[in-house]
Amino acid sequence: MDALVPGPGDLALGPAWLMGAAEAAGVPLVAANLSCTGAPALPGARVVERDGLRLGIVGVLDPDAPVHPSCSVAPPGPAAAAALEALGPVDLVVALSRLDPPKEPAFMTLVPAVEVLVSGGSSSARSEPQLLRGGAVHLEAGTRGKRVGVATITLTPGAHGFGAAGRLEALRDKAEREKQRAATAREQLAKADTEARRARARRRVEYFEQQLPKTAAELAALEAELADAGPAHRIQYAAVGLGESVADHAPTKALLDVAKADIERIALETRAPDQSLKGPFVGSQVCRACHPDAFVQWSATPHASAWTTLVDAKRQMDQDCYACHSTGAHHAEGPQSPAQVGQLAGVGCESCHGPGRDHIGDPTHVDMVAAPAEAVCVQCHDGEQDEGRFSFDSYLPRVRHTP
């Protein structure tokens, strides 16, 4: 690893711990605008030399993000500019950003030397580089360790920035991906053995048949535009999914397994008696008495087994995960920690239709939410958790049931 900018979580145990851990692991930290105990905490930038080229890498943190009490974060623009100037001449400038995404355009205006902006504060993942004003490119691989961004950059002598050339490589890659996906969709249509699968495959084929000519026309127009353009660097980029095909680092996985077990043990040892059904939520088993058909239908959906997926992954005590795998956690009187879930495990009836205690007390006069709005779904299907796959119109039929 050539450089890493720490985030607020990395600083939670204090700068001394972080620097010791980074040194032990051989990870060079950079943070131009971080000070601890009144002095710069880390090098603001560093030079990495490869094949006779000098690459300048600078790191910046968000001034509004929480950090350790002994630390403070200055405005990123002036700090990064000063750190880069101290490096001397370089062939390419890369900024590692932990800024809140809306603040990044202003940062790039203040530091025009930056040609590649790598965002670590954005939960979204872009499969293509985004061209910024001045010819810089913006790369995002998202959070939660789901993807790693891989950029292959070709430097052009005399160029600054990527200009339209970055868009050209991205568009060529997009055209090739669409051709491959179209071919796959046609194969799926030919092999489909049920009407539902044929319908899905047919929709995909129709989509790509409409999209391919549009992309080809866009590519031709951009190639014509580039005919008179000046020199520019070139980039190919992909956000590679870290699925099961990518093996875990065994020593790190072993540490993680131990940590998960310790977290679960401590949570179980310190949890209070089960109060999960003392508030406004009653649990899906109670709903079953009056709505047996709906209960049976719900039981066969992924919602019903949502908690089981956490247990299987040993993540049921994870503060970042439990809320979307249990019932009522987004409600002020629902479970506010994994240890409080109790009998509200799984995405049950009340996750979509609202708390049921008042309704079962007076079913005639206290109604439930019969048709949940999309806003209820996107509390969890927020584009980050589901990697952008959620579509209200296509997902709703999978869970809709009769009263």
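What share of the contacts in the protein chain with a separation of 6 or more comes from residues 24 or more positions apart? The figure is 61%, where a contact means heavy atoms within 4.5 Å. The structure is a predicted model, so to speak a computed one throughout: local features need pLDDT of at least 70, side-chain atom pairs count only at pLDDT 80 or more, and totals for chains, interfaces and linings use all residues. Residues are numbered from 1 along each chain as its sequence is written, and side-chain values use heavy atoms, with hydrogens and water left out.

As for the overall picture, the protein chain holds 13 helices and 11 strands; these are DSSP runs numbered from the N terminus, with helices being H or I of at least four residues and strands E of at least two. The C-alpha trace spans about 75 × 60 × 40 Å along its principal axes. Of the 403 residues, 34% are buried, and here buried stands for under 20% relative accessible area, exposed for over 50%, and partly exposed for anything in between (1.4 Å probe, protein chains only).

Now to the strands, which are said to pair if DSSP finds at least two bridges between them. Strand β3 (residues 45–50) runs antiparallel to strand β4 (residues 53–61), and 6 bridges join the two. Arg50 has Leu53 of β4 as its bridge partner. The hairpin that β3 and β4 form leaves 2 residues between them, and Asp51 in the turn has a positive phi of about 50°. β4 also pairs with strand β6 (residues 92–98), this time in the parallel sense and over 7 bridges. There, Leu61 is partnered with Arg98 in β6.

A separate look at β2, β1 and β5 shows 3 strands in an open sheet, in the order β2-β1-β5 and with antiparallel pairing. Its edge strands, β2 (39–40) and β5 (71–73), each pair on one side only. Strand β1 (residues 34–36) is joined to β2 by 2 bridges, and Cys36 stands opposite Ala39 in β2. In the loop between these two strands sits Thr37, a residue other than glycine whose phi is positive, near 50°. Thr37 counts as exposed because its relative accessibility is 69%.

The largest nonpolar core has 27 residues, of which Leu34, Leu61, Leu96 and Val116 touch the most other members. Such a core is a set of buried Ala, Val, Leu, Ile, Met, Phe, Trp, Tyr and Cys residues joined through side-chain atoms within 4.5 Å. At least two residues of this core come from each of α1 (15–25), β1, β4, β5, β6, β9 (137–140) and β11 (234–241). The biggest giver is β6, with 3 residues. Leaving aside neighbours within four places in sequence, Leu96 is in contact with residues including Leu4, Val30, Ile57, Val60 and Val118. Another core lies apart from this one; it has 16 residues, among them Leu87, Ala95, Val114 and Ala136.
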